[in-house]
Amino acid sequence: MSDLTTRYLGLTLKSPLVASASPLCDSIEGICRLADAGVAAVVLPSLFEEQLTLESLSVHADLERGTDTFAEAAGFFPDLHTYNLGPDGCLELIREAKRRVDIPVIASLNGVTVGGWIDYAKLMQEAGADALELNTYSIAVDPSRSAEAIEQGYVDLLTAIRAQVKIPVAVKLSPFFSAPANIARRLGEAGADALVLFNRFYQPDFDIEEREVVASLALSRPEELLMRLHWVAILHGRVKADLAITGGVHSAPDVVKSVMAGARVACMTSALLNHGPGYAKTVLRDLDRWLDAHEYESVQQMCGSMSFDAVPNPSAYERGNYMKVLSSYTLRDDIFA
Ligand SMILES: Cc1cc2nc3c(=O)[nH]c(=O)nc-3n(C[C@H](O)[C@H](O)[C@H](O)COP(=O)(O)O)c2cc1C
């Protein structure tokens, strides 16, 4: 049996398989089932800036009801009370999870502006969270806001949260940056203990009969892993923070690839939602078998072995490879038939 342990966020984890935020981690039953199946850590569903802002507004709701402030915030986030357990429920879930499972519990906050809501980071720490994940899911719809301003906003937010807590902080990033390596480095320098690559954006679809925009949430496919492998391989050894992959991790070979690219952990959601929490056990068994068969004594031994700086031909990760890949495509003989 190989040594599956890894270091992530200053914690020793028993394997690189982490259950990322999803409804599976939104109940103590789900968390216990994941822990029983062997996942090394769980990330709880995010608490949203809008939820926390609304919570503080609702304290004054009687005074403010009917005013624009409250109505605007409430309307902005209509499903506020159905998505997760809400602020108090989330703190209680952290406490309960810490009592019931012996794996690290990572709490998650989603927001993009510095404000009073980030006091919540401290409450999560006090509730017993082992680390915090800052989920920076936002859509840059305002054409007057520059990339520089948006990126600085993320750095400022991380800095403000870092000032609140002593526990490690990870930042879950979007793939949509002009210079991902640069923002990754800046976040590392601003104190991110880990960077989680990449958030999945849920694109709305159109109902062309009703002419309505409809929310669509499709689970990921394994091909989505490739973009994450590419960027983790590029960033490995070039940023201060640990690296984690989320998006497209569906099997033990996907975990192997993630670690070889340079990730300390591979996070899984869609595959666990597809097959149930017990699937983690299968992935870990397959991972162990793979390492044995390939004579790896430990997971750490292979970490970064396929990174940009480690492979003999790093140009495979650069622009030059683009032309090569395009020209490698051959048209089917019968394409014009
Ligand atoms: C139903 C659902 C709920 C999710 N909720 C959150 C969340 O609250 N916070 C978060 O950071 N990510 C959330 N995610 C994203 C997952 O944590 C994960 O990053 C994403 O699904 C990519 O991983 P996968 O390919 O293994 O599914 C959610 C995903 C799904 C499918």
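Me: Let's start with strand β3, residues 17-19: which way does its pairing with β13 run, parallel or antiparallel?
Reply: In this predicted model, β3 and β13 pair in the parallel sense, and three bridges hold the pairing. Within that pairing, Val18 has Cys267 of β13 as its bridge partner.

Me: And what does β12 do with β13?
Reply: Strand β12, residues 242-246, runs parallel to β13 and is joined to it by three bridges.

Me: Are the faces of β13 covered or open?
Reply: Both faces of β13, residues 265-268, are covered, with Val265 and Cys267 buried on one side and Ala266 and Met268 buried on the other.

Me: What about β9, which strands does it pair with?
Reply: Strand β8, residues 169-173, runs parallel to β9 and is joined to it by four bridges, and β9 also pairs with β12 in the parallel sense, again over four bridges. Leu197 of β9 is the bridge partner of Leu173, and Leu197 is in turn partnered with Ile245 in β12.

Me: Which residues of β9 are buried, and on which sides?
Reply: Ala194 and Val196 are buried on one side and Leu195 and Leu197 on the other, so that both faces of this strand, residues 194-197, are covered.

Me: And which helix sits between β8 and β9 in their β-α-β unit?
Reply: That is helix α9, residues 180-189, and the unit it makes with β8 and β9 is right-handed.

Me: Switching to helices, which residues of α6 are buried?
Reply: The buried residues of α6 are Cys90, Leu91, Leu93, Ile94 and Ala97. Looking down the helix axis, these buried residues fall within an arc of 155 degrees, so they line one face of α6. On the face turned away from that buried side are the exposed residues Asp88, Gly89 and Arg99.

Me: How does the end-to-end distance of α6 fit its residue count?
Reply: Helix α6 has 15 residues, 86-100, which should span 21 Å at 1.5 Å a residue, and its end C-alpha atoms are 20 Å apart, which agrees.

Me: Is Glu148 buried or exposed?
Reply: Glu148, which is found in helix α8, residues 147-164, has 9 other C-beta atoms within 10 Å, and because 12 or fewer is the cut-off, Glu148 counts as exposed. Glu148 and Ile183 are 35 residues apart in sequence, while their C-alpha atoms are 9.8 Å apart in space.

Me: Last one, the ligand: how many residues surround it, and of what classes?
Reply: The ligand is surrounded by 19 residues, and the closest are Ser20, Ala21, Ser220, Thr269 and Ser270. By class, the shell has six nonpolar, 11 polar and two charged residues.

Notes. Residues are numbered from 1 along each chain as its sequence is written. This is a predicted model: local features need pLDDT of at least 70, side-chain atom pairs count only at pLDDT 80 or more; totals for chains, interfaces and linings use all residues. A residue is near a molecule or strand if its C-beta atom, placed from the backbone, lies within 6 Å of it. Ala, Val, Leu, Ile, Met, Phe, Trp, Tyr, Cys and Pro count as nonpolar, Asp, Glu, Lys and Arg as charged, and the others, Gly among them, as polar. A residue is buried if 20 or more other C-beta atoms lie within 10 Å of its own, exposed if 12 or fewer, and partly exposed in between; C-beta atoms are placed from the backbone. Helices (H or I, at least four residues) and strands (E, at least two) are DSSP runs, numbered from the N terminus. Two strands pair if DSSP finds at least two bridges between them. The expected span of a helix is 1.5 Å times one less than its number of residues. The arc is that of the directions from the helix axis to the C-beta atoms. A crossover is right-handed if, with the strands pointing away from the viewer, the path from the first strand over the helix to the second runs clockwise.
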